[in-house]
Amino acid sequence: MSEPGHRRVQEGVVVGDKMDKTVVVKVDRIIKHPVYNKYIKRSAKYKVHDENNSCKVGDRVQIIECRPLSKDKRWNLKQIAE
């Protein structure tokens with residue numbers, strides 16, 4: 001597996017900022033279909049802890065994995081890319 005202390009970093013776009021200190025980030029990834037060999041876009045939404053409420057909808061951000069902060073939050077805001 002991975003060594004202790006290894007935390008995943010992903011990049012995505014903020015799609016929701018209505019909660020306090022939390023934003024919803026949509027992360028897209030491209031996979032190859034096993035049979036048809038075409039590339040397909042898959043996406044996932046993550047709830048991300050934003051301590052200063054600095055993100056707005058449409059911002060491109062980097063997020064980093066962390067310990068569970070609430071029922072759904074397992075990611076922290078690393079930086080705002082754009």
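R8 comes out as partly exposed, at 40% relative accessibility (buried is under 20% relative accessible area, exposed is over 50%, and partly exposed is in between, with a 1.4 Å probe and protein chains only). The model is a predicted one, so local features need pLDDT of at least 70 and side-chain atom pairs count only at pLDDT 80 or more, while totals for chains, interfaces and linings use all residues. Residues are numbered from 1 along each chain as its sequence is written, and side-chain values use heavy atoms, leaving out hydrogens and water.

Back to R8: its side chain meets that of E65 in a salt bridge, at 3.1 Å from N to O. The term covers a side-chain nitrogen of Lys or Arg within 4 Å of a carboxyl oxygen of Asp or Glu, and by that rule there are 4 salt bridges. R8 sits in the segment before strand 1 and E65 in strand 4, so this pair ties together parts that are 57 residues apart in sequence. Strands here are DSSP runs of E with at least two residues, and helices are runs of H or I with at least four, numbered from the N terminus. E65 itself is partly exposed, with a relative accessible area of 25%.

Another of the salt bridges joins K21 to E51, with the closest N and O atoms 3.1 Å apart. K21 belongs to the loop between strand 1 and strand 2, and E51 to the loop between strand 3 and strand 4, so the contact ties together parts that are 30 residues apart in sequence. Both ends are partly exposed: K21 at 31% relative accessibility and E51 at 44%.

D72 is partly exposed at 41% relative accessibility, and K47 is partly exposed at 31%.

Strand 3 turns up again in the strand pairing, where two strands pair if DSSP finds at least two bridges between them. Strand 2 and strand 3 run antiparallel and are joined by 11 bridges. Their hairpin has 6 residues between the strands, and N37 takes a positive phi near 55° there. N37 is a residue other than glycine, and it is partly exposed, with a relative accessible area of 48%. On its other pairing, strand 3 meets strand 5 in the parallel sense over 2 bridges. H49 takes part in both arrangements: in strand 3 it stands opposite T22, while N76 is its bridge partner in strand 5.

H49 also gives a reference point for S70, which lies 9.7 Å away, C-alpha to C-alpha, and 21 residues apart in sequence. S70 is in the loop between strand 4 (60-65) and strand 5, and it counts as partly exposed at 36% relative accessibility. The S70 side chain reaches the backbone nitrogen of K73 at 3.3 Å. That is a polar contact, meaning a pair of N or O atoms within 3.5 Å; within protein, one must be able to donate a hydrogen and the other to accept it, and residues adjacent in sequence count only if both atoms are side-chain atoms.

As for rings, there is 1 aromatic pair. The centres of the Y46 and W75 rings are 5.0 Å apart and their planes are at 45°, so the pair is tilted. Rings of Phe, Tyr and Trp (its six-membered ring) pair if their centres lie within 6.5 Å, and planes under 30 degrees apart count as stacked, over 60 as edge-to-face and the rest as tilted. W75 is buried, with a relative accessible area of 4%, whereas Y46 is partly exposed at 22% relative accessibility.

The cysteines stay apart. With a disulfide taken as a pair of cysteine sulfur atoms within 2.5 Å, the count comes to 0. The sulfur of C55 has its closest cysteine sulfur in C66, 14 Å away, which is too far for a bond. Both residues are buried, C55 with a relative accessible area of 3% and C66 with 14%.
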